[in-house]
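Q: Please take a close look at the aromatic rings in this model with me, and then at the places around them. I'm new to this, so please spell out the cut-offs as you go.

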Amino acid sequence: GPPPAQQKETSGSQRTAGVSARFFCTAGRGMEPFLIKEVQARLGATQVEYVLGKVFFTTCAELCMLKKLKSAERLFLLLNKYPPLAIPKNKGRVIHDIQKLVNEDSRSWLDIVTVWKSLHGQEMKQENASQAYPDFQKRKSEEEGNTNNKRQKREQLLENISDESQVENQERCDISEADIDSVLSESKLFLEKTSEGIQKKFIDGSSSFTFRVSCRCSGALAKVFPSQVVGRIIGIALTKHFGWKADLKNPGIEIFVHLNDIYSVIGIPVFRLPLASRAYIKTAGLRATVAWAMASFAEIHAGDFVLDPTCGLGTILLEAATEWPNAHYLGTDISDSQLQGAYSNIKAAALVGKIDLLKASVTELPLPSGSINVVFADIPFGKKFKITNDMKLLPDVLQEIERMLCVGGTVVLLLNQELHKCINGGISCGAETENHNSVESTSDYTECAVVSLESDTQEKTGSPRIICPLAQDTGRESISNTKTILGSLVLVESFEVSLGRTDAVMCKYKKVTTNFPSIKS
């Protein structure tokens, strides 16, 4: 199993000797259980751990498989995960400790760059490109040459949205000559004590290597040094120790640093664009990671008839049809403009014929009773999930969904907190029960300790580790036969998820044979 949370976790030379490597993904709050399950199922990941907003894992998957992750925001090679930095009153000591992240772990820095190059070297071989590893800028230019400017602007916008809406909101830092002089002076030239042998060895092979540091600090350290200052200290250390050159506009590699009161994490982004930026989505609606999670939660099988009765721009349908193509998909909406946008997305994703669209009211759908196996819906009551008079239509919407769904069918609804309470208020398995999974948003838990999913860790380390109930119970459905306003639809499980500035609840229901009274009866 992985080492204890408060011990240093290194990339290490042992991982470059084999095929496997240590990674971590950033995720929106509440998406961690979906990401845990996905990396285990899709990548065969082991040594899985998580904190709020991050999932750590080991895998030997190639780049082409890593690109297929759908519930993650960004993917990083993990250089190290350290205990939190101590914050003494002496600022010089803090600077020295920050510099030690570079100076005392030279081997890991060299190893992670080697692994990064190896991963992208595999990609180039698969594309029958030159066997010589091209630098980042050449590959980037080739990629951009095959992409039109409009798509580039859209992807950049999605990247900005991703950064703003996630726990891992990063600050890119600038390194000026004045800053270098200032920091070096304040730290009393600690960097002069670096290992000349290691420095010379690396410079000889990578004299043109360029980098940029993206840093985020929170907790006690942020009160002493802002993220930009910490990023400059690390950037200067890298320049002095390895001879790397800082390049803010076109770096060969980006260094990601997150320091808080619980841990210190350093990594390198595996891809230039976030995984959450979908090339096949022309116009974004619901966040793609959440849409994929809803489709995954619904457990779609080959031959199923799948309906989104409030499809909007069709994001959930796109994610579902892309991942599970052997089902029949139908999207309905009352808005012409939304249906037009959905069709444009479907056409751009080359899914015409896989997804059908129909203009219809969600309260009166022209479909036979019991004809649908799966329903998923982002219930759009009020702009930005604000409650409006449309709430009066909620019973009709739910009853129509219940009517169309076959016995044993699944419903996945994305609801705001008020709608969730309205629908499930009379259900015994509410927020206080074992079937409701939430991640506390209080500051005390925001930077929670690392949680391991390895069952033998306690035996090896002597310290207890928390086993994640979300991953442990995946696939087990405890259905409670409790009267609900959904009639024969019974709540199975729910997750609190973040939509950026808004929180929502993802609820999963099953239709059982027993008909319970609905709120209209």
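A: Let's start with contacts, meaning heavy atoms within 4.5 Å. Among contacts in the protein chain between residues at least 6 apart in sequence, 78% join residues at least 24 apart. Keep in mind that this is a predicted model, where local features need pLDDT of at least 70 and side-chain atom pairs need 80 or more, while totals for chains, interfaces and linings use all residues. Residues are numbered from 1 along each chain as its sequence is written, and side-chain values use heavy atoms, with hydrogens and water left out.

Now for the rings. Rings of Phe, Tyr and Trp (its six-membered ring) pair if their centres lie within 6.5 Å; planes under 30 degrees apart are stacked, over 60 edge-to-face, and the rest tilted. That rule gives 13 aromatic pairs. One of them is Phe24 with Phe76, which is stacked, at 4.8 Å centre to centre and with 10° between the planes. Phe24 belongs to strand β2 (residues 21–26) and Phe76 to strand β5 (residues 74–82), so this pair ties together parts that are 52 residues apart in sequence. Phe24 is buried, at 0% relative accessibility, and Phe76 is buried at 0% too.

Next come two Trp rings: Trp109 and Trp244 have centres 6.3 Å apart and planes at 70°, so they make an edge-to-face pair. Trp109 is in helix α5 (residues 106–126), while Trp244 is in the loop between α11 (227–242) and β8 (245–246), so to speak a link across 135 residues, since the pair joins distant parts of the chain. Both Trp109 and Trp244 are buried. They also belong to a cluster, as ring pairs link Trp109, Phe209, Phe211, Phe242 and Trp244.

Another Lys meets a Tyr through a polar contact. Lys54, in strand β4 (residues 54–59), is buried with a relative accessible area of 0%. Its side chain is joined to that of Tyr263 by a polar contact of 2.9 Å. A polar contact is a pair of N or O atoms within 3.5 Å; within protein, one must be able to donate a hydrogen and the other to accept it, and residues adjacent in sequence count only if both atoms are side-chain atoms.

Last stop: Val412, in strand β15 (residues 405–415), is buried at 0% relative accessibility. Leaving aside neighbours within four places in sequence, its contacts include Phe297, Phe376 and Met506. The C-alpha atoms of Val412 and Met506 are separated by 6.8 Å, although these two residues are 94 apart along the chain.

Conventions. Helices (H or I, at least four residues) and strands (E, at least two) are DSSP runs, numbered from the N terminus. Buried means under 20% relative accessible area, exposed over 50%, partly exposed in between (1.4 Å probe, protein chains only).
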